[in-house]
Amino acid sequence: MWNWWLQEEPRVCLSHGTWYKFIFNQFVHIHHSKDCRNLKPRMVLSVVQGCEEESSSVVSSVFASRYVQDPPPRYKMPEKSIPKEAAYQIVHDELLLDGRPRLNLATFVTTWMEPECDKLMAEAINKNYVDMDEYPVTTELQNRCVNMIAKLFNAPSADQTKQAVGVGTVGSSEAMMLAGLAFKKKWQNKRKAQKKPFDKPNIVTGANVQVCWEKFARYFEVELKEVKLREGYYVMDPVKAVEMVDENTICVAAILGSTFNGEFEDVKLLNTLLTQKNKRTGWDTPIHVDAASGGFVAPFLYPELEWDFRLPLVKSINVSGHKYGLVYAGVGWAIWRSKEELPEELIFHINYLGGDEPTFTLNFSKGSSQVIAQYYQFLRMGFEGYKKVMSNCMESARILREGLEKTGRFQIISKEKGVPVVAFAFKGNDRKNLAFGLSKALRNYGWIVPAYTMPANAENVTVLRVVVREDFGRQLVEKLLFHIGVALKEVTDAASSVPMIRLTVEMKADESEMNAGEGTLHIPAASVHWKQDKPETVDTQVPIMDGKTKGVC
C-alpha cells in the first residue's frame with residue numbers, strides 16, 4: 001500500500017466575490033513496507049554553523065596538527081600566534097571545498113592568465129593605486145589603458161586631444177554608478193538653471209539589467225523604470241523604452257551583452273528613436289551603454305556594429321576588464337565621450353602625501369595589480385590577439401550549442417550574435433524542476449552551471465547558462481556535453497520516480513464575507529490514499545470550512 005499525505009495548510013485572502021485558481025505541486029512523504037524515503041523539497045540556503053556547537057567553534061588543524069596541538073577558534077581571533085606553515089595549511093585545507101574556478105561556468109570573470117602576468121601582479125601587489133605621486137608609472141599605465149579603450153570605443157576625445165576622459169574602477173558596478181552620478185548631476189544642474197523641479201530623476205532600463213543598476217537607483221535615489229521582458233524577447237525593447245522617457249529621465253541604459261542570454265540590445269535603433277523624441281520634445285535625454293560583458297567582444301568580432309560613441313547620444317560606456325578584458329577580478333573602466341559629459345564638481349582634488357590627485361571614484365585605496373595586468377594584456381595581445389581569443393570562444397559556444405540541440409531536449413535561448421554565452425531551456429512540461437535538477441546533478445561532476453528563472457512577464461521560463469571563457473576550450477566542451485547526457489538520464493529517471501499530487505482548487509468568498517473587504521480561507525490537512533496496483537483518478541467535491549470550492553484530486 002502506498003500512503004500519500006498532503007500536509008500543507010495554506011491561507012488565502014479573498015476580495016469581493018473574486019474567483020482564484022490555485023495549483024499546488026507538493027512533494028509528499030511516502031511510506032512503503034520495503035522502502036522509507038523522505039521526499040520533501042528543501043530550500044538551499046547558505047548556513048553558518050552556530051558557535052554553540054563545540055565541533056564547529058574551532059578550526060580543525062588536520063595536517064597542521066604537527067605544528068598546532070590546540071585547534072584555533074573559528075569565530076574570534078586566537079590568543080596566541082601559530083607557525084606560518086600551520087596557518088597556510090589550515091586555510092588551504094578549508095579552501096579545498098570551494099568550487100574549481102575553471103569549471104565555474106556561471107561566471108563571466110576571468111579565471112586564467114599567463115604566468116608572466118601572474119608574476120607582474122604578484123610584484124605589484126603591495127602598491128596602493130591611489131598613491132599616484134609615489135607610483136607615477138602605475139598612474140601612467142592606467143592613463144594609457146583609458147586611451148586605448150576610448151579609441152576602441154571610437155571616443156572623439158581620444159582622437160582629437162589624445163586625452164580620453166575615463167577612470168579605472170574595481171569593476172563595472174562602480175563604473176556604471178560613476179556614469180549614473182554624472183548623468184544625475186548634469187540633469188540636476190540643467191533643471192536648476194531652468195528653475196524646474198530636480199528631485200525626481202529616473203533611469204529607463206530593461207528588466208534584464210544587472211543588480212548594480214538597482215543598487216544605484218536605491219543608493220542614489222533615482223527611480224528605475226524597467227521595460228518588462230516577454231517570452232521569446234529577453235532584452236529591452238527600444239520602442240517601449242523611448243515611450244517611458246520623460247523630462248525627468250537622466251539617461252536610457254542599454255546593455256551590450258545581457259546577463260541572462262548574452263544578447264546585444266539594439267543601441268543604434270534606440271539612438272534613432274530617442275533622437276526623434278528629443279527633437280519633438282526639446283529634451284536632450286542621453287544614452288549610457290553597459291558594455292560590461294560585450295565591450296571587449298563587439299569591437300573584435302562585430303566591428304561594423306554601431307553601439308558605441310559613433311552614435312551621438314551615447315555619452316558614457318562602462319566595461320569590465322575582469323570579464324572579456326581577460327584580467328582577474330577587480331578592474332573595470334568608465335569612459336566618457338568628452339570632458340563636458342563629466343561635471344567638474346564630481347571630481348575631487350586631494351592633497352595627499354605631497355601631490356594633487358584628481359579623483360572620481362567611490363573607492364579610495366585599492367591594489368595596482370589589476371590595472372597593470374590590463375596594460376599587460378593590451379600590450380601582449382593587441383587587436384589581433386583579442387580577436388583570436390574571442391573567435392575561439394565563439395567557436396566553443398557553437399560546438400556546445402549544436403551538441404545541446406542534438407539531444408532534442410533543449411531550446412536555445414541565446415543568440416548567435418552576442419557574447420560567448422549559451423543559454424538553454426528544457427522543452428515540454430516540468431521545465432523548471434528539470435532545469436534546477438540538471439544544474440544540481442552537474443555539480444556531482446564538478447561543473448557549476450546556474451539555473452534561474454527569467455524576470456517578470458517571462459518568469460515561466462527557466463534557463464541554464466554556460467559562459468564560454470578563454471580557458472573553456474573544445475576538450476572541456478565535449479566533456480561537459482558528455483556529463484550533461486549522463487546527468488539528463490539521472491534527472492529524468494529521478495523525476496519519473498518521484499510521486500507528486502497536483503491539486504487544482506477554485507475558491508469563492510462566502511456570502512457573509514462578500515462585503516467585508518477581505519476574508520480568510522483555511523484549508524485543513526488532507527490525505528489521499530490509493531493502492532499501487534490499482535491506480536485510478538478520483539473526482540470529488542472537497543468542502544473547505546463554510547466556503548465553496550471545486551477540487552480535482
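Modeller: A residue counts as buried when its relative accessible area is under 20%. This model is predicted, and in it Leu 326 is buried, with a relative accessible area of 4%.

Colleague: Where does Leu 326 lie?

Modeller: Leu 326 is in the loop between β11 (314-320) and β12 (332-336). Its phi is near 70 degrees, a positive value in a residue other than glycine.

Colleague: How should I read a positive phi?

Modeller: Most residues other than glycine have a negative phi. Asn 154 is another case here, with a positive phi near 60 degrees. Asn 154 sits in the loop between α3 (136-152) and α4 (156-160).

Colleague: What share of the residues of the chain count as buried?

Modeller: Of the 553 residues, 46% count as buried. The secondary structure comprises 12 helices and 23 strands.

Colleague: Now helix packing. At what angle do α5 and α6 pack?

Modeller: Helix α5 (residues 172-193) packs against helix α6 (residues 211-219) at about 40 degrees, and their axes are 10 Å apart. Angles under 35 degrees count as roughly parallel and those from 65 to 115 as roughly perpendicular; α5 is therefore oblique to α6. The crossing of α5 past α6 is right-handed.

Colleague: Which residues make the contact?

Modeller: From α5 come Ser 173, Met 176, Met 177, Gly 180 and Leu 181; from α6 come Cys 212, Trp 213, Lys 215 and Phe 216. By class, the residues of this contact are six nonpolar, two polar and one charged.

Colleague: Take Met 176 of α5. Is Met 176 buried or exposed?

Modeller: Met 176 is buried, because its relative accessible area is 1%. Leaving aside residues up to four places away in sequence, Met 176 touches Cys 212, Trp 213, Phe 216, His 288 and Asn 318. His 288 is 112 residues from Met 176 along the chain, yet their C-alpha atoms are separated by 8.6 Å.

Colleague: What share of the chain's contacts join residues at least 24 apart?

Modeller: Among contacts between residues at least 6 apart in sequence, that share is 70%.

Colleague: What does pLDDT say about the chain?

Modeller: The mean pLDDT is 84, and 76% of the residues reach 70 or more. Over residues 1-47 pLDDT stays under 50, and the model has 117 contacts beyond four places in sequence for that stretch. Residues 540-553 also have pLDDT below 50, with 29 contacts beyond near neighbours in sequence.

Terms used
Residues numbered from 1 in each chain as written. Predicted model: local features only at pLDDT ≥ 70, side-chain atom pairs only at ≥ 80, totals over all residues. Heavy atoms only, no water. Axes fitted to C-alpha atoms, helices over the stretch in contact; angles between N-to-C directions. Helix = DSSP H or I, 4+ residues; strand = E, 2+ residues; numbered from the N terminus. Parallel < 35°, antiparallel > 145°, perpendicular 65-115°, else oblique. Left-handed = near helix turned anticlockwise from the far one by under 90°. Contact = heavy atoms within 4.5 Å. Nonpolar A, V, L, I, M, F, W, Y, C, P; charged D, E, K, R; others polar. pLDDT = per-residue confidence, 0-100. Buried < 20%, exposed > 50% of the residue type's maximum accessible area, 1.4 Å probe, protein only.
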